[in-house]
Amino acid sequence: MKLFPRSLRWRLSAVIALVSAVLAVALSLLVRTEFSRVQLADARRVQDERIQLVVRDYGLTGRAALGGTLDAGDLPRELLAAVRGGRRATFLERTANGAWIWAAAETDGHVLSLRSSYTDRDDALRQLDNALILGSAGVLVLASVLGVLLGARLSRRLRRAAVAARRVADGDATLSVREEIGARPRDETTELAQAVDAMAATLRARLAAEQRVTADIAHELRTPVTGLVTAAELLPPSRPAELVRDRVGVLRSLVEDILEVARLDTATEQAELVAVPLGEFVARRVPSALVSDAETVRTDPRRLERVLVNLMQNAERHGAPPVVVTVEGRTIRVRDHGPGFPADLLREGPSRFRTADPNRLDGHGLGLTIAVAQARVLSAELTFANAADGGAEVTVGLPSSP
């Protein structure tokens, strides 16, 4: 059960609403307490002035005037105790019949007292309570709406920045995160966008330099490797000649793979899409493939074949037989029964020049790298996993045809 929303928009709204509610309640309590204090102090002052007039008139006439009572039987005991010794006092009494404000004074051994209703002031306090409740509710609603609007604006800018950052990560070199979210207002989101743009520009420059170096090295190697291939073919038949031709062939394949990786790294490759019956396409290349409800997809058959061949070669080189290829719908699965993929490949994906066993001489870690890059050009998704009962499994998910 989620106690707090995960969206920044709703978190900000909740915080603003909570702070507003706390402030509204605190201010309401402060206003109510001060109003009640002032109201009681005013009632006591009025009653005290009235009891002074009653005492003065009693001293002149010997009678209790202005509604005063002499030795009242219902005088509160607390008030009676307070006036003993010739003092004056006021007292607020609350009973089941209502609230009363008393004033009393002792004179000549008698107690003069006045009683007035306090109900009208309690009614005024209740009206104030209602007004404070309505005001607090209004403040809470207004603050919540304001929080939602502010949170929505900030969340929208952050989401735009996240989407733009993903597109930059996918190779869109023309995109600016700052332009996507807008230059106004200039806040922390704008600073974040500027930092992402600067980081992306730096990384693009470094990648471009690395790609140029890789391509230049591969091109420079191509000519001498071609010469080596020609020279190796001229060697007289012998075991050493076979070893030389084998290693030269591996070197030539490596150079061609590096050139292909360099082209794919530029993110300028475009797929030539045609309608391809997926089941027939795979079955012609892998006669043992298991085909079930295969669909016709729009894809580049040359690039798809490159992906399929690389996955098959990786399974045959690093896995164990049998290698099973299945086609279902728009999905191709290639599975072997070997030790499975290493944990770092499952976690980080294929990486060039990294193999499961660095001591092996028959792989350079480029096959899966090329397969992933070609699949990206096809807008396909490659998923690497280890089967529950052993073996590595690669799933190629082709996009639906428009």
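Predicted model: local features only at pLDDT ≥ 70, side-chain atom pairs only at ≥ 80, totals over all residues.

Visitor: Which residues does Ala65 contact, leaving aside its neighbours within four places in sequence?
Guide: The chain brings Ala65 and Leu53, twelve residues apart in sequence, to a C-alpha to C-alpha separation of 8.6 Å. With the neighbours within four places in sequence left aside, the contacts of Ala65 are Val54 and Asp57.

Visitor: Over how many bridges does strand β1 pair with strand β4?
Guide: Strand β1 covers residues 69–70 and strand β4 covers residues 110–117, and their pairing is antiparallel. Within this pairing, Leu70 has Leu112 of β4 as its bridge partner. The number of bridges between β1 and β4 is two.

Visitor: Which residue in the turn between β3 and β4 has a positive phi?
Guide: Strand β3 (residues 98–107) pairs with β4 in the antiparallel sense over eight bridges, and Trp100 stands opposite Ser117 in β4. The two strands form a hairpin with two residues between them. In that turn, the residue with a positive phi, of about 55°, is Asp108.

Visitor: In what order do the five strands of the open sheet stand?
Guide: Strands of a sheet pair through backbone hydrogen bonds, either parallel or antiparallel. In this open sheet the pairing is mixed, and the order is β6-β8-β9-β11-β10.

Visitor: Which strands stand at the edges of this sheet?
Guide: An edge strand here has a single partner strand, so one side of it is left without a neighbour in the sheet. From one strand to the next, the twist averages 15°. The edge strands are β6 and β10 (381–386).

Visitor: Which residue of β8 is the bridge partner of Val291?
Guide: Strand β6 (residues 290–292) pairs with β8 in the parallel sense, over three bridges. In β8, the partner of Val291 is Val327.

Visitor: Which residue in the turn between β8 and β9 has a positive phi?
Guide: Strand β9 (residues 331–335) is joined to β8 by five bridges, and the two run antiparallel. Val325 stands opposite Val334 in β9. The strands form a hairpin with two residues between them, and the residue with a positive phi, of about 65°, is Gly329.

Visitor: Is Thr395 buried or exposed?
Guide: Thr395 lies in strand β11 (residues 392–397), which runs antiparallel to β9 and is joined to it by five bridges. Not counting residues up to four places away in sequence, Thr395 touches several residues, including Thr331, Arg333 and Leu382. Its relative accessible area is 17%, and Thr395 is therefore buried.

Visitor: Are helices α8 and α10 roughly parallel or roughly antiparallel to each other?
Guide: Helix α8 (residues 301–318) and helix α10 (residues 367–377) pack with their axes 9 Å apart, at an angle of about 155°. Angles over 145 degrees count as roughly antiparallel. The relation of α8 to α10 is therefore roughly antiparallel.

Visitor: How many residues in the contact of α8 with α10 are nonpolar?
Guide: Among the residues that meet are Val307, Asn310 and Leu311 in α8, and Ile370, Ala371 and Val377 in α10. Four residues of the contact are polar and two are charged, and the number of nonpolar ones is seven.

Visitor: What is the relative accessible area of Asn310?
Guide: Asn310 is found in helix α8. Not counting residues up to four places away in sequence, Asn310 touches Gly367, Ile370 and Ala371. Asn310 is buried, and its relative accessible area is 4%.

Notes. Residues numbered from 1 in each chain as written. Heavy atoms only, no water. Pairing = 2+ DSSP bridges. Helix = DSSP H or I, 4+ residues; strand = E, 2+ residues; numbered from the N terminus. Axes fitted to C-alpha atoms, helices over the stretch in contact; angles between N-to-C directions. Parallel < 35°, antiparallel > 145°, perpendicular 65-115°, else oblique. Contact = heavy atoms within 4.5 Å. Nonpolar A, V, L, I, M, F, W, Y, C, P; charged D, E, K, R; others polar. Buried < 20%, exposed > 50% of the residue type's maximum accessible area, 1.4 Å probe, protein only.
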